[in-house]
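We will go from stop to stop together.

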Amino acid sequence: MNSNKHSKNFWIAVLLWLAALVTLFPFFWMGSTALKGARELFLRPPVFVPHYPEWSNFAKVFTVAPFGRYFMNSAIVAGLSVILTVFINLLAGYTFAKYRFKGRKVLLLMIVATMMVPFQVIMVPNFIIISALGWLNSYLGLIIPRAAEAFGLFLSKQFMDDIPDELIEAARIDGQSEFRIFTGIILPNCRPLIGVLATFTFMWRWNDFIWPLIILSKKEMFTVQLGMSNLIGQFYVEWNLLMAVALLSVLPVLAIFLMFQRFFVQGITTTGMKG
Amino acid sequence: MSTQSARTARTRFNFTPYLFLAPNLILFLTFMFIPIGYAFYISLTQWSLIGSPQWVGLANFVRLLGEREFWISMWNTLYYTVTTVPASMFLGLLGAILLNRRIPCKGILRGSFFAPAVTSLVTAGLIWQWIFSTEYGIINYLLTLVGMQPQPWLTSNALAMPSVIVATLWIRSGYCMVIYLAGLQGIPREYYEAAEIDGAGKLSQFKYITWPLLGSTTTFLLVICVIYGFMAFDLLYVMTGGGPGFSTTVMVHYIYQQAFSVGEMGYATAAAVILFLLIFSLTMFHLREDRSK
């Protein structure tokens, strides 16, 4: 019975590993293609591990289009978005969890209800508002309209509900200001929450596509995602270079996930990871 | 910042919570609530961003209902959603059940299945476009190995959408799996032990324990995945550009084209309002289901 169960688990593990290899193959193929020179790229049968890896492809990418600038734009937008969004979400989550004030329930309900409204649905009015503000082709236009989002706020509130009130009361008796209580006492107790919020916010903003596509027309403001999709629109596609830049574009998100991986399974299951 | 003590904070009107909420409230107001109301207004006007909007009443909606391309985009959206949602949820559930046991390197397996979900849709689209490439794609090479004809995956009306669906399953299944895995871990082991003592087989254990207890997870995933399906744009835009012809143009793409290529803000927004109402009614349905439990 026991050995039977063991051999069954063995076969299931084999099956899962095969499935995992199939899942990972597109990534492998991206990496393999990224390292191929012009000759190996179109060989039949295809070369799986390049014999003459062209590491210079990664440098060459930055000459076919200003990807240095695109990466910088994406980093600025995603970085500032993380700071802004995480901060205001924590502050609002704390307020909803620990203060009793007029309109608390209504406001919370209205904010949570916005989870039902995907950004794509209101992209046209938002485009009009942004162009009226003169924010087309700007970092502000990329960051500000997407800075407030309900999932992170709600997650923060749920997390802060569990922080004991006594901690706050004691600090108040000590005469600390309300804002000092938040930054000095509450935030240090929220490290896992901050990790989850930062990871997801970074991923969402780094991977954003349709909003930058709409409000950016100047090439020098392009994000990485936009730069990549623009390359493919050109008449001749150099697949090795395209795969090289695709590979580079995945690395920042991968790095953030590895950094915060302790928190991330928990984060996915509680947020549902909505974009 | 105010330095009131806890006692006076309760008795006097307290500005602090409103101050703390101000950034969020201002942003939600400007970029969520006003745009929703504004969308309804714009949808009732004719407007190409030059001059001021002209009130046309329901004319945009009437025009939409008579427009063949709108119905094609609606049909494509449904086709895409109805195929990807059940398939990715099934694969996710299957993976979760298989993974929810003592298996070496479980974390690596889970990470591998989940990796596509954190990849940007543009990157995923590029990778799959290369894989499906007619001349040099690896899929067509594998087909010739087993003696089949290479196919024009992304450039044929019939095959473009199925190709995008395959790429979507790659992206979405791992996500469904992680959510299902969390649901499975919430089911107490004792239930299965008791069922085993009663002599229930694996299949009836699934039917009477696993599936019913995963009910709320399934509903949650169903709603989220259907919304994702209705909102699809990035992947299709990169892989097929909506083509060939209109064969993979979905609703968001149609709205995007009408607004930003044709420049018909009112007409495009009318289509967005229809999309909004579809999603809204769906979520309402979900909430009602949730409450009845």
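Here is a short tour of charged pairs and annotated segments.

**Before you click**

This is a predicted model, in which local features need pLDDT of at least 70, side-chain atom pairs count only at pLDDT 80 or more, and totals for chains, interfaces and linings use all residues. Residues are numbered from 1 along each chain as its sequence is written, chains are lettered from A and ligands numbered from 1 in the order in which they are written, and side-chain values use heavy atoms, with hydrogens and water left out.

**Stop 1**

Side chains of opposite charge can pair when their charged atoms come close. The pairs on this tour are salt bridges (a side-chain nitrogen of Lys or Arg within 4 Å of a carboxyl oxygen of Asp or Glu). A search of the whole structure finds eight of them over all chains.

Select A:Lys157 and A:Asp161, whose side chains form a salt bridge with an N to O distance of 2.9 Å. Both belong to helix H8 of chain A (residues 150–161), and they sit four residues apart, about one turn of the helix. Helices here are DSSP runs of H or I with at least four residues, numbered from the N terminus.

Is A:Lys157 buried or exposed? A:Lys157 is buried, because its relative accessible area is 10%. Buried means under 20% relative accessible area, exposed over 50%, and partly exposed in between (1.4 Å probe, protein chains only). A:Asp161, at 32%, counts as partly exposed.

**Stop 2: a pair in helix H9**

Now select A:Arg172 and A:Glu169, which meet in a salt bridge at 3.7 Å, N to O. You will find both in helix H9 of chain A (residues 165–173), three residues apart. A:Arg172 is buried at 10% relative accessibility, while A:Glu169 is partly exposed at 25%.

**Stop 3**

Next, pick A:Arg205 and A:Asp208, joined by a salt bridge of 3.0 Å, N to O. A:Arg205 is buried at 7%, and A:Asp208 is buried at 12%.

**Stop 4: over to chain B**

An unreviewed UniProt entry lists "transmembrane region" for several stretches of chain B, including residues 111–132 and 152–171. UniProt positions are given in the numbering used here, feature names are shortened, and annotations may be inferred rather than shown by experiment.

Select residues 111–132 of chain B: the chain is 86% helix and 0% strand there, with its end C-alpha atoms 25 Å apart. Finish with residues 152–171 of chain B, which are 75% helix and 0% strand, with end C-alpha atoms 22 Å apart. Strands are DSSP runs of E with at least two residues.
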